[in-house]
Every structure is written in structure tokens, then in C-alpha cells.
Amino acid sequence: MENIDIIVFVSYCIVILSIGLYVSRDKKGLGKSAEDYFLAGKSLPWWTIGASLIAANISAEQFIGMSGSGFALGLAIATYEWMAAITLLVVGKFFLPIYIEKKIYTIPEFVKKRYSNNLKTILAIFWISLFVFVNLTSVMYLGGKAMDTIFGTGDGSLITTSIIGLGLFALTYSVWGGLSAVAWTDVVQVVILIFGGMLMTGIALSYVTPSGGIMDGLSYVYNAVPERFSMILEKGEIITPDGRDAYFDLPGIAVLIGGMWIANTYYWGFNQYIIQRTFAAKSLREAQKGIAFAAFLKLIIPIFVVLPGIIAYVINLDPTTGELMKVLPEGFTSADGKILNDNAAPWLIKNYIPVGIKGLILAALAAAIVSSLASMLNSTSTIFTMDIYKEIINKNAGDKELVSIGRIVVIVSLFIAMIIAPMFGNLGQVFQAIQEYTGVVSPGILAVFIMGLFYKKATNNAAIWGILLSIPVAMYFKVVP
């Protein structure tokens, strides 16, 4: 890292912290209410909601993990993003009116109003566990891994230090300001993220041809590996670098009309750390416009989260055989010789992004990681405080106590995740792995919510048994075939 890169990166950190702390200030001198802290005083305009939805969504899973899947599978992994745009519109049209009408803080709160307090508590504990032990840890691990590849040698020596740094950065403003600080900093984060991501893709494309042109580079990449631009895979069409048939990761048309709809609807419609910012909208109309804005942004995301992985794949093709080189560059293989697909984007940044620009790209990467961490921390805090603490531990808790508990939960959740994250290990394609195993629990939860929203005869016992039985059934269909 050159001095200019460090200056650019530090400037980004100062700007984000300044905005976060400014928004977090107590304007009235009365302390924050629970609504101020957890729902930003229900004051967010549509463009802040849309930007914050995307900033919360694009984390290390996408920036690093989807580039890794682009390296391994090609553009087909982008179906998650493009189908999400349609899903967002469905959520805005059919789900949001019900949520806004019920004036809820959390998704488990809707479960209480529709089914029972017992089911709400079960799901609240489930989501808190998921956020702390899976989402927070995976984002920090991938972020730390990226920093280790860019700043170090990729041997893992900087992962723990990077995890601590990223976590404390997110904690600095999110713990004090709540959702308001998270949402308003997300506006800046998403601008940096999109601009920096597009810049990285453009620079990488300019390296693959002698002419140095971006469009020439795109044409070269497509002609070199046309099969990796296929959106619906067939058996044997693409073999991943580790010798696996990509069809078994994305089984053609079946995943488009089946499982992907379940995963997307669950994620965008019933995921607290995503949907929470729509609860903070000024009105239903503002929330719906924010959802539509996020859907538009979703259409361009694969350009800078998937395409860089395909470019890295092409750069590492053997010119004589047209196949991936037998010996990949440093940072692409583990000590036991396993190919590290998720190192594609960090490798590009380290080796092809020029001095000065690299600091901006690192800022974009940090923006992706930190904004997601802040959103997950805030939502974990909201669910525990409103659904566990207020409902079970102290039903008479006032605003000041609820906000204090919320801040404590943010700190505790982060430190638990920090301890676990370095142990997360290497999953090869982390984004794909997370999608697959989220798919094990999402069908049952999705069914409970859909029936609760649109079928009045759905009962509490049916909902509980549906969730409990859906997990072993989903595991059977994942593992046994």
C-alpha cells in the first residue's frame, strides 16, 4: 500500500465516522426513544431506504463471495441478483402494506400478532443465532480474508487483525446512533461501493487486451469463455476449477423456477436486517419507492460483483491450451493445494489496480463490509430488545432502558462474532455455501409467513410443526441425492 492509497482510505473512514456521529447526536437533549434508535424515528425518505437496502445487502458475501462464484461458475450466479429485483417489487406491492399497517418493529413481532408469542420467541432466538453465528461471522471472515490477500501474502496472518478492525469500525457509529446512523451512512457507502466497484471492473477489463479498451476487454473475455456467460446451465457445460460440475451448484432452469424464488422471497421479505429500514419509512409510499429504487440498483450489481471473477479466470488461462493454468498465482491456492475461488477479487485489486485508485477500491470493499455489519448488529439488537427483553425479561422497560439494552446487545453480539469468525474456515465458494444452507431453513419459515399473510385459517400449531419438519425434509433433499 502506497501513501496515497492510505490517505484515500483513511479519508473514507473519517467521512463515514463523521456522518455517523453527526446523525447520532441528541438533537433535543432528551435522549433517544426506542423508535428513534431502532426505527430512525420513522423519518427515512425513499432514496435513503433504497440505498440502505443495497448497502445492507452487498457485503463481503457479494463483493468477495460472488466474485469467487464468478471465477468458479461464471455469470449464472448473477441470477440471484436479477431475480432479487423482481422479488423486491413483489415484497413492496404485497408484503409492505401489511407490515406498515401493523406498525411493527420486528419480523418476529408480526409472528406474535398473527400466530402466538411462543412461535415469535422461537423465531426471535433463531434469527439472533443466525445473525451472530452465521451472518456476522461470515461477513467478517470474508472481509478479513480479503484484507489479508490485499495487504499481506494471503497466508491468513492478517485475518484476525482485519476482523477486529472492521468490527470496531462498524461498532463506532452504529452502537450510538442506531438505525438512523446506519441508514444515512449507507447512502455514502453505496455511492462509494458502486463507483469503486465499476472502476475496478473497468480497470480489470482494460488489462486483458493490448488495446487497453474496456469494450475490447469485455469482448475478449466473452470470446475466451463464452460458456461462462451462460445464465441457465446444463450438465457438463461448466466444470469449476476444483473439478466439480457447476450444474450441481446451479441446476439449470430448476433453480430459477424453484429454490431461488424461495431463498429470495425469504431474504427480501422476512429478513429483519434487510426489511427493517422499510419499517422506518415516513410512509408506505416512501417505503415502496425505496424498494423500487433498490430493485433498480440490483440490476447493475453483477457488473462489479460477478464480472471481476470471470475476468480473473480469463487472466489465469493458459495461452497454449485455453484452460485454467495448472499452477495459479500466489494467493489462489491454500497450503493443501485447494483453489481459493473467493480470492479472485482481492487478487485483482492487489495486482491490477493502480496506486491511488487502490485506496478507493479498498474503501468500496470496506463500505460493503462495514455497512452490512452495522445493519446486522442493529437488527440483532432490535430483535433481542423488543422481542426478548421487553416481552420476557422486563415488560415495563422504558425507552431509556430499551436503548441502553440495545447498545449492550450490539457490543456483545459483535465480540461473540469476532471470536468465532477466525474459526469460520475456508468454504471454497462462501456465497454459494451460505445460499445453499440458508435454503435448508428458509422454505419452512417462508411457508409460515406466506400462509400467515394470505390464509386466515393457518393455525399456530401448524406453523410450529411446519417449521420443525421442514428442516429435516430440506436436508434430506440436499444431502441424499
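**Close-up 1. Contact of helix 14 with helix 15 in the predicted model.** P308, G309, A312 and I315 of helix 14 meet A344, W347, L348 and Y352 of helix 15, and the residues of this contact divide into seven nonpolar, one polar and no charged. The axes of helix 14, which spans residues 307-315, and helix 15, which spans residues 344-352, come within 9 Å and cross at roughly 65°, which means that helix 14 is roughly perpendicular to helix 15. The crossing in which helix 14 passes helix 15 is left-handed.

Close-up 2. The side chains of N57 and Y267 are joined by a polar contact of 3.0 Å. When neighbours within four places in sequence are left aside, N57 is in contact with Q62, E81, Y267, W268, I274, K298 and S372.

Close-up 3. Once neighbours within four places in sequence are left aside, the residues in contact with V410 are Y37, L171, S174, V175, L377 and S381. Between V410 and W465, which are 55 residues apart in sequence, the C-alpha to C-alpha distance in space is 32 Å.

Key. Residues numbered from 1 in each chain as written. Predicted model: local features only at pLDDT ≥ 70, side-chain atom pairs only at ≥ 80, totals over all residues. Heavy atoms only, no water. Axes fitted to C-alpha atoms, helices over the stretch in contact; angles between N-to-C directions. Helix = DSSP H or I, 4+ residues; strand = E, 2+ residues; numbered from the N terminus. Parallel < 35°, antiparallel > 145°, perpendicular 65-115°, else oblique. Left-handed = near helix turned anticlockwise from the far one by under 90°. Contact = heavy atoms within 4.5 Å. Nonpolar A, V, L, I, M, F, W, Y, C, P; charged D, E, K, R; others polar. Polar contact = N/O pair within 3.5 Å; in protein donor to acceptor, adjacent residues only side chain to side chain.
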